[in-house]
Amino acid sequence: MQTPNANLKMFDESHKFCPSLLFTGESIPTPPQQFTPFDIPSTKLPSAFVTAAMKLFEQGLADPRGCQYQEIEVGTGSCWTGDAGVVKVRGWVLPTPRKDKQHFAICWNGLVYPVVSVGATANVQEDVLKAIQQEFGARCIDGFDFARSEWFSIFERSRSPIKVCLLLRLGEIALAEMFWTTWITKISEDADYRRKNFKDPYLILATEWLWALFDRAVCAHMRGDDKLALLSAELLLPTWPMVEAESKHRGYEYHFSCRDSKESHYLRFLETLPALLLDQQRRAQQLKRQQVLKVGLDKYPDKTNRIHALIEDLEEVFVRQMGQPDYPYLRGHPIVQALIAEGVEAVEPLLACLENDTRLTRTVYFFRDFSRHRKLLSVHEVAYIALTNILKTSFCEKFELTDRLYSQGTEGRQEIAAKIREYLRLNPIRKIFYKLRHRL
């Protein structure tokens, strides 16, 4: 399995991992010419591409006009660890008032980033030509399946159709045409779904853009960069329905994986966005306190208070996924281990958590890192893991656990809690037989 840090060596052999800094600002600025009228130039690019690109800038894709193209350092995320570290790339630095110490820049994925440092002026033409001549990693096959990691999406020498939008907006028509031709000629057009997307690339472009924004929000949430996570999620919330409506208006068919769902979405990976936004809004409003294990269990001599404090800390549980496919080993986290060690006294508080807690942990599950799928694990799932390990038996088959804990909402969790309470009322002999039938 390749790690994010190993992949970064593809770009810079001298790269040494430096953790991303937490963003402390209150907002992400709008580029200076985002709403300045733009005269569409004469171009050989398909008219469908041009109109799609113009619609995306109207919907919020960052406009690089009026910004200086320079070397920059920015923090990046990874679905493996939450943090891929600070990387040196190139982007368009927004004009910054002298009194402001924080600089921002537009990266090649069409997002505005807080930057760690600003360096020398760079050359767009040179970078684009290098990107055309040399590419790292796989190409986007269609508008739905391939997830570019954040550090890859901002790299000036990676290929993404979003780059054509930015070049078009800058008036770099020849470069835009060359980049588009190179990219599109490598794309397979075997499936009807793909052929439809290539005739009108709006959904490909919108998916690339919103995936980058969603991925940034998720990874920032994972590493505790809560302000950046919240601001990214807030940007997504109004944009998502606009893209869904525009895609439907353009006559796209839903991806086959969405066609049978009760509420179909073109961007199905965003279905977890409302939960992420609510959780980040909650975190922004709550008072900060040190975690129990950081101050020491001895600082909580009262067992009841200690258990409740440990359950409060479950929102900070982060367990990285170790392979793909795999699942985060929640039981091994120190907070979970501390709750298990509290024994049967923790059962009732954990049952209440299982039934009613709506908070998220910082742990994320993904099927594959290149798949547009991220599942943010909830506190109630960790509570269930702790309960099964205290009681040394399971109360739900593994294949139905996700459905009970997530898809069925509060009702599904309450059913599991009722099953646990029913078990607790059994006599010792019946408990033994139950455990034999429902081993962990």
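Is the crossing of H12 and H13 left-handed or right-handed? The crossing is left-handed, a label used when the near helix is turned anticlockwise from the far one by less than a right angle, with right-handed used for clockwise. The structure is a predicted model, in which local features need pLDDT of at least 70, side-chain atom pairs count only at pLDDT 80 or more, and totals for chains, interfaces and linings use all residues. Residues are numbered from 1 along each chain as its sequence is written, and side-chain values use heavy atoms, with hydrogens and water left out.

Helices (H or I, at least four residues) and strands (E, at least two) are DSSP runs, numbered from the N terminus. The axes of H12 (residues 303-312) and H13 (residues 334-342) cross at roughly 150 degrees and come within 10 Å; axes are lines fitted to C-alpha atoms, for helices over the stretch in contact, and angles run from 0 to 180 degrees between N-to-C directions. H12 is therefore roughly antiparallel to H13, since angles over 145 degrees count as roughly antiparallel, under 35 as roughly parallel, 65 to 115 as roughly perpendicular and the rest as oblique. Lys303, Arg306, Ile307, Leu310 and Ile311 of H12 meet Ile335, Ala338, Leu339 and Glu342 of H13, where contact means heavy atoms within 4.5 Å. Six of these residues are nonpolar, none polar and three charged (Ala, Val, Leu, Ile, Met, Phe, Trp, Tyr, Cys and Pro count as nonpolar, Asp, Glu, Lys and Arg as charged, and the others, Gly among them, as polar).

The loop between H12 and H13 holds proline 325, which a cis peptide bond, with omega about 0 degrees, joins to glutamine 324.

H13 also packs against H15, at about 40 degrees and with the axes 9 Å apart, so the two are oblique to each other. Their crossing is right-handed. Val336, Leu339 and Ile340 of H13 touch Val382, Ala386, Asn389 and Ile390 of H15, a set of six nonpolar residues, one polar and no charged.

Lysine 392 sits in the loop between H15 (379-391) and H16 (398-407), and its phi is positive, near 60 degrees. Most residues other than glycine have a negative phi, and most peptide bonds are trans. Lysine 392 counts as exposed because its relative accessibility is 58%, whereas aspartate 357, at 14%, counts as buried (buried is under 20% relative accessible area, exposed over 50%, partly exposed in between, with a 1.4 Å probe and protein chains only).
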